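Colleague: I have not looked at this one before. Can you walk me through it?

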Amino acid sequence: MGIWVSKFLLVLILVTWVSNTVSSDPDDESCLSKLKESLQDPTNRLRNWTTTNFVNPCNGFTSYLQGGTCNNGRIYKLSLTNLSLGGSISPFLANCTNLQSLDLSSNLITGPIPDDIQLLVNLAVLNLSANRLTGIIPPQLASCAYLNIIDLHNNLLTGSIPQQLGGLVRLSSFDVSNNKLSGPIPASLGNRSGNLPKFNATSFMGNKDVYGYPLPPLKTKGLSVMAIVGIGLGSGFLSLVLSFTAVCIWLRVTEQQAVNAEEGKVSQFMPEY
């Protein structure tokens, strides 16, 4: 019996050792190394993002990488917030297929949001706020069915708000405020029905060309409606005054011509002295 116990303990030790030394998923390795290449780190905050740690980034639930969190030997959370990071977001980030939370907020990251993020089918939290991201909001994000939080506020994003995002039934927090977006707010986001969480005006404000509920009614550019009506009425009144003045002058001239003609006829019959 003791021999079997000893063998079992030996096997358990070997399994534990192997699990702690085995390399990570090759997709994770590619994801992390390419992300490091695409980002700029002027303050060297990602000093432990090295080739060695890309090969084996996890020890149980602990990650050897700054901002990383592991689960079953794979990266499932990246939180690289407020690190003065620049550069762009690598499309190879999509290789981290176990990723559930991505927070790159409050940095100086530029460029577009990669369409390939749609491949992160387990993603629940996407926070890219307070950067300098440009381009459109990828409608492909709707493929990430588990998304619970989308925070893209304070960027330079353009284009319209994809109506496809309204199909994310788990979405409970949505913020695209203070960008350069345009067009209507999709009803599937601004006026959600049933038990789906509703988003108020603060989720959309700060985009001067975005309109629709729950934002206040859009004001006419340059001039208010009352100003336009006033100008219209003023123009009409001015036209009326000018027309009336022209008629009066015409009548006065016609009358004067008639008087002169009459006086000419009378003078023909006046005796000369």
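Modeller: Start with tryptophan 49, which is buried at a relative accessible area of 3%. Buried means under 20% relative accessible area, exposed over 50% and partly exposed in between, with a 1.4 Å probe and protein chains only.

Colleague: What should I know about the model itself?

Modeller: It is a predicted model: local features need pLDDT of at least 70, side-chain atom pairs count only at pLDDT 80 or more, and totals for chains, interfaces and linings use all residues. Residues are numbered from 1 along each chain as its sequence is written, and side-chain values use heavy atoms, leaving out hydrogens and water.

Colleague: Back to the rings. How many aromatic pairs are there?

Modeller: The count is 3 aromatic pairs. Rings of Phe, Tyr and Trp (its six-membered ring) pair if their centres lie within 6.5 Å; planes under 30 degrees apart are stacked, over 60 edge-to-face, and the rest tilted.

Colleague: Why is the pair of tryptophan 49 and phenylalanine 54 called edge-to-face?

Modeller: Because the planes are at 80°, with the ring centres 6.1 Å apart. Phenylalanine 54 is buried too, at 6% relative accessibility.

Colleague: And how do phenylalanine 174 and phenylalanine 204 pair?

Modeller: Their planes are at 50° and their centres 6.0 Å apart, so that pair is tilted. Both phenylalanine 174 and phenylalanine 204 are buried. Ring pairs link Phe174, Phe199 and Phe204 into a cluster.
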